[in-house]
Amino acid sequence: MSFLKRKNTLFVCLLLLLVTACNTGSPKATSTSSQAITTGTVINTPTPTNTPLPPTATPVPSAATVNGEAITLEEYQAEIARYQAATVITGTILASDTKTVVLDELIDQTLLAQAAVENGFIVDDALLESRIETLENQLGGAQALDTWIAENGYTIDTFKTAYKRSIGAALMRDQITAGVAETADQVHILQILVPTQAEADQVYASLQSGEDFLDLVNTYDPLTRGDLGWFPRGYLNQPAIEEAAFALQGEKYSPVIHTDVGYHVLYLLERDPEHPLSPDARRVLQLEAVQAWLAERKSQSDIQILVP
């Protein structure tokens, strides 16, 4: 069965005050001014001194902006390094599109954290420090946390920025996943799985000639009887199997279905419109709910990618 299951923008405002001196004179003053001109006397007027403008802050390079909020280039590059290091430690295969994977995750977290704020959840300094204290205790103290921060390529400031965002994102994820019901329309399916078309045709011909599926399945899978168990829509990683399973009515078998794992004939044992979800099935549906939320949120957001 396992092979079928899923798995700130810095804004600087410069205010310039332009002062113009306007001299208003009496008739005598006017006369003196005129006399000076006619007698050739030169009156020197001081030249206004320009006040130097303060230097403009240099913008922090960004990898992307999400609704005006920057994901810095420094953070993005550091996250790529952490991702690459993690694949070495865990022995997993490094994704060919590592940069895309990392940036997508940073964008997703930013979208979730922004939504958390919109929903009234603010990660203020007091909450952040409380969470950091909890993390310290889990790791064995402040020194252990400092070591972890350094080993993972953070500074204390970049760590706090990332941790603050992750707290907000986690809360929003919890709100989304809580909306997934604990029951769903589900089917209980048996299958006969064979490696070739010829064998599958033989199975189907036997069923067509009247052989009982429950007897035949024992021949091909005496250990588990091809039991796929109960599952809802969206649980299997083989859409063709799922579609065929939910198309069955009563105790009937399906036509031969070809997937990348072989050839299948399915049999419907039971169907329940409100069957309790297994913990694994609910986790899969919760993950799908988060991905659907993110897809919708992205379609409504201004996301600018600033790196190749």
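This is a predicted model: local features need pLDDT of at least 70, side-chain atom pairs count only at pLDDT 80 or more; totals for chains, interfaces and linings use all residues.
Student: Why is Thr-98 called buried?

Tutor: Thr-98 has a relative accessible area of 8%, and since buried means under 20%, the residue is therefore counted as buried. Thr-98 belongs to helix α3, which spans residues 98-118, and, leaving aside residues up to four places away in sequence, Thr-98 touches Ile-80, Tyr-83 and Gln-84.

Student: What makes Ala-95 partly exposed?

Tutor: The relative accessibility of Ala-95 is 23%, and because partly exposed covers what lies between the buried limit of 20% and the exposed limit of 50%, Ala-95 counts as partly exposed. Ala-95 sits in the loop between α2 and α3.

Student: How do you know that Ala-95 touches Tyr-83?

Tutor: A contact requires heavy atoms within 4.5 Å, and Tyr-83 is listed with Val-101 as touched by Ala-95, not counting residues up to four places away in sequence. The C-alpha atoms of Ala-95 and Tyr-83 are 9.8 Å apart, and the two residues are twelve apart in sequence.

Student: Why is strand β1 called largely enclosed by the rest of the structure?

Tutor: Strand β1 covers residues 62-66, and five of its five residues are buried, so the strand is described as largely enclosed by the rest of the structure.

Student: How do you know that β1 pairs with β2 and with β7?

Tutor: Pairing requires at least two bridges between two strands; β1 is joined to β2 (residues 69-72) by four bridges and to β7 (residues 303-305) by three, so both pairs meet the requirement. Both pairings are antiparallel, β1 with β2 and β1 with β7. Val-66 illustrates the arrangement, as it stands opposite Glu-69 in β2 and has Ile-303 as its bridge partner in β7, while Thr-65 is partnered by Gln-304 in β7.

Student: What makes β2 and β7 the edge strands?

Tutor: The open sheet has three strands in the order β2-β1-β7, and β2 and β7 are the edges because each pairs on one side only. From one strand to the next, the twist averages 20°. Helix α2 packs on the sheet by touching β1 and β2, with its direction at about 45° to that of β2, and helix α3 also packs on the sheet, touching β1, β2 and β7, with its direction at about 35° to that of β1.

Student: What lies between β1 and β2 in their hairpin?

Tutor: Two residues separate β1 and β2 in the hairpin, and Asn-67 in the turn has a positive phi of about 50°.

Student: Why are the buried residues of α4 said to line one face of the helix?

Tutor: The buried residues of α4 (residues 125-139) are Leu-128, Ile-132 and Leu-135, and, seen down the helix axis, they fall within an arc of 60°, so they line one face.

Student: What puts the buried residues of α8 on the same side?

Tutor: Those residues are Phe-213, Leu-216 and Val-217, and they cover an arc of only 105° around the axis, which puts them on the same side of α8. Among the elements covering them are β3, α7 and β6.

Conventions: Residues are numbered from 1 along each chain as its sequence is written. Side-chain values use heavy atoms; hydrogens and water are left out. Buried means under 20% relative accessible area, exposed over 50%, partly exposed in between (1.4 Å probe, protein chains only). The arc is that of the directions from the helix axis to the C-beta atoms. Axes are lines fitted to C-alpha atoms, for helices over the stretch in contact, and angles run from 0 to 180 degrees between N-to-C directions.
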